[in-house]
Amino acid sequence: RQLSAGSGVSKQFEVGSASHYSPALLTFTSITTGGNLTCTVVEADHPELDYSGIDPQKSINQYWSFTNEGISFTTTNLQLTWSGLITDAGMDFNTIQSGKFEGTAWSKYSVSTETMYTISISGITSLDATDFTAGNKVSEYHWTGDALSTDWFTPKNWFGGVPDSSSDVYIPNPLGSRRNYPTLTGSQIAKVGNLTVESDGSLIVDGGTLQINGNASNAGLFY
């Protein structure tokens, strides 16, 4: 779609799958340079959803992809609508959050719920090859090592993304092939709520700092 420079510019994308209509409405505060913007819908969980902070079992089984060709803008609001038939049964509509995937990283956005299957996201500053989806926050963070490193602060090493001081964290056993357990080194400071290291799991704090704000249970290697 072609968008021209101006203030308060709105554009609705009539998109969806062969079975479900899922329109996206963008309202730009200001467009300084016009250009083209495309939007498509994929009816499946996002392939990188595991480290987004959104629970794949309590989410919209769909994502919207945007490609920006030359548009410069200040901020935009995004309204997304979808079918209840592609929504996980356990999702709580009162605690939905949105995730934006851009490049290799996720950003989280709070949302306002317009109706049961419509949300609005505000304050978006980029639409350069970005994907949007929504769902409930994960309740437990599990180390996966999927980034094939020992770095605590690499989101892809976690189911749920990098945990914070309120997170229930599990260091499980076993890990997948070629996966490594986390190590905190140097000046690194990690924070968790409750921590569980399962039997034969491993968490090594080698010069770094781990702040545990809840309870710790260790049946593996933790030092």
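Which residue forms a salt bridge with Glu-48? In this predicted model, where local features need pLDDT of at least 70, side-chain atom pairs count only at pLDDT 80 or more, and totals for chains, interfaces and linings use all residues, the partner of Glu-48 is Lys-156, the closest N and O atoms being 3.7 Å apart. Residues are numbered from 1 along each chain as its sequence is written, and side-chain values use heavy atoms, with hydrogens and water left out.

A salt bridge here is a side-chain nitrogen of Lys or Arg within 4 Å of a carboxyl oxygen of Asp or Glu, and by this rule the count comes to three.

| Salt bridge | Closest N to O distance |
|---|---|
| Glu-48 and Lys-156 | 3.7 Å |
| Asp-146 and Arg-179 | 3.1 Å |

The salt bridge between Glu-48 and Lys-156 links distant parts of the chain, 108 residues apart, with Glu-48 in the loop between strand E4 (35–42) and strand E5 (54–59) and Lys-156 in the loop between strand E13 (141–143) and strand E14 (158–159); strands are DSSP runs of at least two residues, numbered from the N terminus.

Asp-146 pairs with Arg-179, and because Asp-146 lies in the loop between E13 and E14 while Arg-179 lies in the loop between strand E15 (168–171) and strand E16 (183–185), this pair ties together parts that are 33 residues apart in sequence.

For accessibility, buried means under 20% relative accessible area, exposed over 50%, and partly exposed in between (1.4 Å probe, protein chains only). Lys-156 is partly exposed at 35%, as are Asp-146 at 33% and Arg-179 at 29%.

How values were computed: Helix = DSSP H or I, 4+ residues; strand = E, 2+ residues; numbered from the N terminus.
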